[in-house]
Amino acid sequence: MSSLRSYKGISPKVGQGVYIDSTSVLVGDIVLGDDSSIWPLVAARGDVNHIRIGDRTNVQDGSVLHVTHKNKQNPDGYPLLIGNDVTIGHKVMLHGCTIGNRVLVGMGSIVLDGATIQDDVMIGAGSLVPPGKTLVSGYLYVGSPVKQARPLKEAEQAFLRKSADNYVQNKNDYLEEVVDLN
């Protein structure tokens, strides 16, 4: 069975040079930007709203991406919007939130409905971003619920782009070297 599945006649759209692991599942209204990567066991459902993933963004193993439906109280619902050069760590759950550019979401973190993560942010492993919370640019956030810890150091800001670049290289290697043995 394919990793890409249509839902109500809407199929995922994939940019140039994208790697999607065969064990992941992407359903419905999802758009993946160029040079992005979806790693093993990622589940992404663009069924009751849409998911947009930017260029050079990686979604690592076991992550879950979903959206919130449109309703009378919230006519637009909450789509899932992820910017460019974003690193989504292992086992992250993103639900109906907006993530800017050059963001690192640490392993096991949860970001909930209506939360907004501005550009150039690091979220520590295991953090919980509550519904509607905004994380402003240029800071490290940690905890459950998440709290602003400190401004990002210059090296950390540079790492945000470097992490994305590393995953572009990893996905290029996988596109060239991975062989399905089934």
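**Is Tyr 19 buried or exposed at 8% relative accessibility?** Tyr 19 counts as buried (under 20% relative accessible area; exposed is over 50%, partly exposed in between; 1.4 Å probe, protein chains only). This is a predicted model, in which local features need pLDDT of at least 70, side-chain atom pairs count only at pLDDT 80 or more, and totals for chains, interfaces and linings use all residues. Residues are numbered from 1 along each chain as its sequence is written, and side-chain values use heavy atoms, with hydrogens and water left out.

**View 1. Aromatic pairs in the structure.** The model holds 5 aromatic pairs. Rings of Phe, Tyr and Trp (its six-membered ring) pair if their centres lie within 6.5 Å; planes under 30 degrees apart are stacked, over 60 edge-to-face, the rest tilted. Ring pairs join Tyr 19, Trp 39, Tyr 167 and Tyr 174 in a cluster.

**View 2. Tyr 19 with Trp 39.** The ring centres of Tyr 19 and Trp 39 are 5.0 Å apart and the planes are at 45°, so the pair is tilted. Tyr 19 sits in strand S3 (residues 19-20), and Trp 39 in the loop between strand S5 (37-38) and strand S6 (43-53). Strands are DSSP runs (E, at least two residues), as are helices (H or I, at least four), numbered from the N terminus. The two residues are 20 residues apart. Trp 39 is buried, at 5% relative accessibility.

**View 3. Trp 39 with Tyr 174.** Here the ring centres lie 4.8 Å apart with planes at 90°, so the pair is edge-to-face. Tyr 174 belongs to helix H1 (residues 154-177), 135 residues from Trp 39. Tyr 174 is partly exposed, at 37% relative accessibility.
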